[in-house]
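The stops below are given in the order in which to select them.

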Amino acid sequence: MTTSDQQTFRGDVVIGADGHGSVVRGGVAPDKPDATFAGYLIWLGLTNESSLASSRRLPREVDILSGGEDYLLGYLLPGPDGSVAPGSRQVGWAWYDASHNDLLRETGSVVGYVVRRSRTSADIPEATFREFADKAEDLWPSPWREAILDCIERRAVIGTPIAEYVPDKLVNGRLALVGDAAHVPTPMTGSGFSASLYDAEAVAESVAVGVRGSTVAHALTGYERKRLGNVRGMVQSGQQFSRSFTGRAA
């Protein structure tokens, strides 16, 4: 393998674990190298629990709310020092939004049907922040409303376009894909991290078999047989949500 700065590396096997914009995927599936835009983005924010006057109403589990054409996930995380004591934690939120796709394309976050980059606070127009604040006031109850408004006031918001990738193959010769390089589900599935762990376990078992006798390329086909159907089904289940959601917001 030759890198962009012309360094050459050689090995018995190359494992692509380089995320949803995987470069290695082009070697495994050259006819289908890109994850594609799902038709919506997620706005993300994080604030300190201590900054919320209504933090006593925070749920223990993930809170999922529907507001017209939008969805909101709210959740608790350990504080910056790792504390999970009430009052010392962080409050995170994820706002699913299909109404700003034009902004994504105008700013190069999505090119054609390929996701290129997220939007940082510096990339988000002031008019969009004002719109978010007004919309949050109308849509979301406490304490999530306060958490969102706090992040907007501090300009501590990131907009992440959602990509999806249903693989047709995971292996090509001595190249193999794992994790988001292999399959990209919507976060709504809640399965991406665990699927990546199963990939790593399965590919390690396959390579170990190869080391004991058969060629690595042949052994990797066992990894593909074991994982391909499962990960295709995972991404496709998430696509059902995406189609429903973007249809609601159209």
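Predicted model: local features only at pLDDT ≥ 70, side-chain atom pairs only at ≥ 80, totals over all residues.

Residues are numbered from 1 along each chain as its sequence is written, and side-chain values use heavy atoms, with hydrogens and water left out.

**Whole chain.** Show the cartoon: the protein has 6 helices and 10 strands (DSSP runs numbered from the N terminus, helices being H or I of at least four residues and strands E of at least two). The C-alpha trace spans about 65 × 40 × 35 Å along its principal axes. Of the 250 residues, 43% are buried (buried is under 20% relative accessible area, exposed over 50%, partly exposed in between, with a 1.4 Å probe and protein chains only). Of the contacts between residues at least 6 apart in sequence, 72% join residues at least 24 apart (contact means heavy atoms within 4.5 Å).

**Helix H3.** Select residues 126-139. Now colour the buried residues of H3, which are Thr-128, Phe-129, Phe-132, Ala-133 and Ala-136. They lie on the same side of H3, because they cover an arc of only 140 degrees around the axis (taken from the directions from the helix axis to the C-beta atoms). An α-helix has 3.6 residues a turn, so residues three or four places apart point the same way. Turn to the other side of H3 to find Arg-130, Asp-134 and Asp-138 exposed. Among the elements covering the buried residues of H3 are strand S2 (36-48), strand S5 (90-97) and helix H4 (144-154).

**Helix H4.** Move on to H4, whose buried residues are Trp-144, Ala-147, Ile-148, Asp-150, Cys-151 and Ile-152. These pack against S2, S3, strand S4 (70-77), S5, H3 and S8. After H4 comes Arg-155, with a positive phi near 55 degrees.

**Glu-49.** Select Glu-49 in the loop between S2 and strand S3 (63-67). Glu-49 counts as buried because its relative accessibility is 3%. What does the side chain of Glu-49 make a polar contact with? The partner is the side chain of Arg-89, at 2.8 Å (a polar contact is a pair of N or O atoms within 3.5 Å; within protein, one must be able to donate a hydrogen and the other to accept it, and residues adjacent in sequence count only if both atoms are side-chain atoms).

**Helix H6.** Select residues 216-249 and pick out Arg-227. Arg-227 is buried, at 8% relative accessible area, and its side chain reaches the backbone oxygen of Ala-195 at 3.3 Å. Not counting residues up to four places away in sequence, Arg-227 touches Leu-170, Ala-195, Tyr-198, Asp-199 and Ala-202. Gly-238 is also in helix H6 and is buried, with a relative accessible area of 3%. With the same exclusion, up to four places away in sequence, Gly-238 touches Glu-164, Thr-186 and Thr-189.
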